[in-house]
Amino acid sequence: PEKIDTMLDITKEVLLKAKLDNKQRAIEMLKEAKAGMEAAVVGSGHRYAASRLSARFTTADALGELMSGISTIESVKEMLKTAEEDWPTIQSRLESIRSKLLHTKGDKKMIINLTADESLLESSSGTFTKFITDMHQNAVGDDKAPAKHDWSSEVKMADRGFEGFSVPTQVNYVGFGEQLYKPGETISGAAQVISKFLSTGFLWDNVRVIGGAYGGFCGFDPVSGVFRFLSYRDPNLAKTLDNYKAAADYLANLDLTQEELEKAIIGTIGDIDSPMSPDQKGFASLTRWLIGREQKDLQKRRDQILATSAEDFREFGRRLQALNKEADAVVVGSAAAFDAANKEMDTQFEIKEVL
């Protein structure tokens with residue numbers, strides 16, 4: 001408790017007094033960011049493939065990809081060039097961002113999320129109230145809130161098709177996916193059970209053990225309805241895509257035993273109810289509050305997971321059979337792998353050189 005004042009003072013200093021006119025420091029930070037992302041896309045290409053796939057389907061995912069996906073590498077390069085040649089433009093952008101963060105008037109106020117035990121929050125309420133008052137006194141802007149942005153009209157989603165991002169590597173990160181559930185469709189928690197089952201069974205056996213990749217897995221986003229297959233440090237490309245497509249028939253014709261079903265359900269419940277640290281709990285609570293997800297929604301999904309049936313697996317397989325006809329591929333890999341795949345496959349990759 002005695003350190004709360006110091007913590008809030010540091011927070012205020014960062015928000016209110018950070019010097020945004022240091023050109024050289026900004027250039028150094030941009031160079032560090034560029035080097036870090038270029039290293040990450042070679043070593044963790046599956047994450048970039050995943051975000052690029054999702055950027056085709058929802059505005060939120062398209063924004064996320066612009067801010068932390070493969071598109072960000074080009075953006076950072078452009079910002080670095082602008083910082084070196086036209087620093088006032090970059091400084092103006094930084095000031096604008098701070099202004100929006102500090103807007104505490106009108107009906108668009110800064111959101112402050114505090115995580116602590118109940119007694120500490122109660123005993124320190126005066127300190128937190130003073131912090132909020134200080135922020136109001138340093139508010140930027142008038143009483144009129146900033147105009148609401150229609151991000152759906154401002155953010156362009158990634159183009160459909162097969163995309164290949166060429167990097168200097170001897171392995172590939174193969175992504176394949178589609179929006180399995182369209183807006184308005186009911187999504188069952190059973191989808192999480194089936195995704196877990198595929199990752200630890202069929203994909204493990206065919207992509208990792210037989211195919212030689214370091215990892216093969218899939219993921220389903222219950223918010224966007226997007227389903228993605230991914231591989232990690234994969235020596236194959238076309239063969240892995242064939243394995244992804246084969247998963248649909250595997251599920252559609254699966255004769256699952258009760259023991260296998262229960263094991264899949266228990267594994268999924270273990271994932272969603274795994275212990276969280278205090279900061280993880282706080283972030284999860286904030287995220288749920290922002291998107292309007294209540295405890296009853298979480299319990300409903302748990303109930304759906306526990307009620308998953310063998311027929312849910314087969315129905316999901318039939319959905320994947322339809323996905324195979326529409327899905328896109330995004331691959332981070334070597335130029336040689338793309339050349340070989342384009343000779344072997346009917347659908348051609350549009351190849352972009354990243355580094």
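Which residues do ring pairs link into a cluster? Select Phe176, Phe227, Phe229, Tyr244 and Phe316, and you have them on screen. Keep in mind as you look around that this is a predicted model.

**Stop 1**

Zoom in on phenylalanine 227 and phenylalanine 229. Their rings form an edge-to-face pair, with 5.0 Å from centre to centre and 85 degrees between the planes. Are these two buried or exposed? Both phenylalanine 227 and phenylalanine 229 are buried.

Now stay with phenylalanine 227 and show what surrounds it. Leaving out residues up to four places away in sequence, phenylalanine 227 touches Phe176, Gly177, Glu178, Leu180, Ser195, Leu198, Cys218, Gly219, Phe220, Phe316, Leu320 and Leu323.

**Stop 2: the nonpolar cores**

Next, pick Leu198, Phe227, Phe229, Leu241, Phe313, Leu320 and Phe349. They have the most contacts inside the largest nonpolar core, which has 46 residues. Which helix gives this core its largest share? Colour helix α12, residues 238–252: 6 residues of the core come from there.

There's also a second, separate core, made of 24 residues. To find it, select some of its members, including Tyr48, Ala50, Ala83 and Ile90.

**Stop 3: another ring pair**

How many aromatic pairs are there in the model? The count comes to 13. For one of them, select tyrosine 181 and phenylalanine 220. Their ring centres sit 5.6 Å apart and their planes are at 70 degrees, so this pair is edge-to-face: the angle is over 60 degrees. The pair joins distant parts of the chain, 39 residues apart: tyrosine 181 is in the loop between β2 (173–179) and α10, while phenylalanine 220 belongs to strand β3. Tyrosine 181 and phenylalanine 220 are both buried.

**Stop 4: a pocket**

Select Gln192, Ile272, Arg288, Arg293 and Leu298, which lie nearest the pocket's centre among its 25 lining residues. The second largest pocket holds about 780 Å³ of space.

Now colour the elements that each give two or more residues to its lining: α10 (190–200), β3 (215–220), α13 (258–272), α14 (278–291) and α15 (295–306). Which one gives the largest share? That's α14, with 5 residues. Finally, colour the lining of this pocket by class and you'll get 10 nonpolar, 7 polar and 8 charged residues.

Notes
Residues numbered from 1 in each chain as written. Predicted model: local features only at pLDDT ≥ 70, side-chain atom pairs only at ≥ 80, totals over all residues. Heavy atoms only, no water. 1 Å grid on protein atoms, 1.4 Å probe; cavity = no way out; pocket = protein on both sides within 12 Å on 5 of 7 lines; lining within 4 Å. Points joined across faces, edges and corners; volume = space filled by probe spheres on them. Helix = DSSP H or I, 4+ residues; strand = E, 2+ residues; numbered from the N terminus. Nonpolar A, V, L, I, M, F, W, Y, C, P; charged D, E, K, R; others polar. Core = buried A, V, L, I, M, F, W, Y, C linked by side-chain atoms within 4.5 Å. Buried < 20%, exposed > 50% of the residue type's maximum accessible area, 1.4 Å probe, protein only. Contact = heavy atoms within 4.5 Å. Phe/Tyr/Trp six-rings, centres within 6.5 Å; stacked < 30°, edge-to-face > 60°.
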